[in-house]
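Hi everyone, thanks for coming along.

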Amino acid sequence: KAVLWIKKTLEIEEKSNNNEIYSRLLFTLGSKSEAIELMNRTLSLAKQEKADNNRIEFLANELANMKR
């Protein structure tokens, strides 16, 4: 059910926070390649949103951890 709700939020407005949650859900559910692709998108969105450097660094680390 969580996946359905997060998809609905992304239909309304795509933001890095929602993408991050969805990416983590996908990863937990075993869709590793899709999660990594989405986390890449999340990182790009965070940069477009002019997120602070700590957030961008955090997302980059999460992406690296997913790729392991």
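Let's begin with Leu25. Leu25 has a relative accessibility of 23%, so it counts as partly exposed. For the cut-offs here, buried means under 20% relative accessible area, exposed means over 50%, and partly exposed is what falls in between, with a 1.4 Å probe and protein chains only.

Before I go on, a word on what we're looking at. This is a predicted model, so to speak of local features we need a pLDDT of at least 70, side-chain atom pairs count only at pLDDT 80 or more, and totals for chains, interfaces and linings use all residues. Residues are numbered from 1 along each chain as its sequence is written, and side-chain values use heavy atoms, with hydrogens and water left out.

Back to Leu25, then. You'll find Leu25 in helix H2. Helices, by the way, are DSSP runs of H or I with at least four residues, strands are runs of E with at least two, and both are numbered from the N terminus. What does Leu25 touch, not counting residues up to four places away in sequence? The answer is Ala2, Val3 and Ile6, where a contact means heavy atoms within 4.5 Å. Thr42 is 17 residues from Leu25 along the chain, and the C-alpha atoms of these two are separated by 13 Å.

Now let's zoom out to the whole fold. If you want the dimensions, the C-alpha trace spans about 30 × 30 × 15 Å along its principal axes.

How much of the protein is buried? Buried residues account for 34% of the 68. The accessible surface comes to about 4,700 Å², and 52% of that belongs to carbon and sulfur atoms. Those areas come from the Shrake-Rupley method with a 1.4 Å probe, and for residues only the protein chains shown count as cover. As for contacts between residues at least 6 apart in sequence, 43% of them join residues at least 24 apart.

Next up, charges. There are 12 positive and 10 negative side chains, and the centres of the two sets lie 3 Å apart. In that count Lys and Arg are positive, Asp and Glu are negative, and His and the chain ends are not counted. Each charge is placed at NZ of Lys, CZ of Arg, CG of Asp or CD of Glu.

How many salt bridges does a search of the whole structure find? It finds 5, a salt bridge being a side-chain nitrogen of Lys or Arg within 4 Å of a carboxyl oxygen of Asp or Glu. One of them joins Glu13 and Lys15, at 3.9 Å from N to O. Glu13 is partly exposed at 44% relative accessibility, and Lys15 is partly exposed too, at 38%.

Another joins Glu20 and Arg55, at 2.8 Å from N to O. Glu20 sits in helix H2 (residues 16–28) and Arg55 in helix H4 (residues 53–67), so this pair ties together parts that are 35 residues apart in sequence. Glu20 is buried, at a relative accessible area of 10%.

Then there's Arg24 with Glu62, whose closest N and O atoms are 3.2 Å apart. Arg24 lies in helix H2 and Glu62 in helix H4, so here the pair ties together parts 38 residues apart in sequence. Arg24 is partly exposed at 30%, whereas Glu62 is buried at 17%. Put together, Glu20, Arg24, Arg55 and Glu62 are linked in a network of salt bridges. Leaving aside neighbours within four places in sequence, Glu62 is in contact with Arg24 and Met39.

Two last residues. Lys50 lies in the loop between helix H3 (32–48) and H4, and it has a positive phi of about 60° although it is not a glycine. Lys50 is exposed, with a relative accessible area of 73%. Trp5, in helix H1 (residues 2–12), counts as exposed at 57%.
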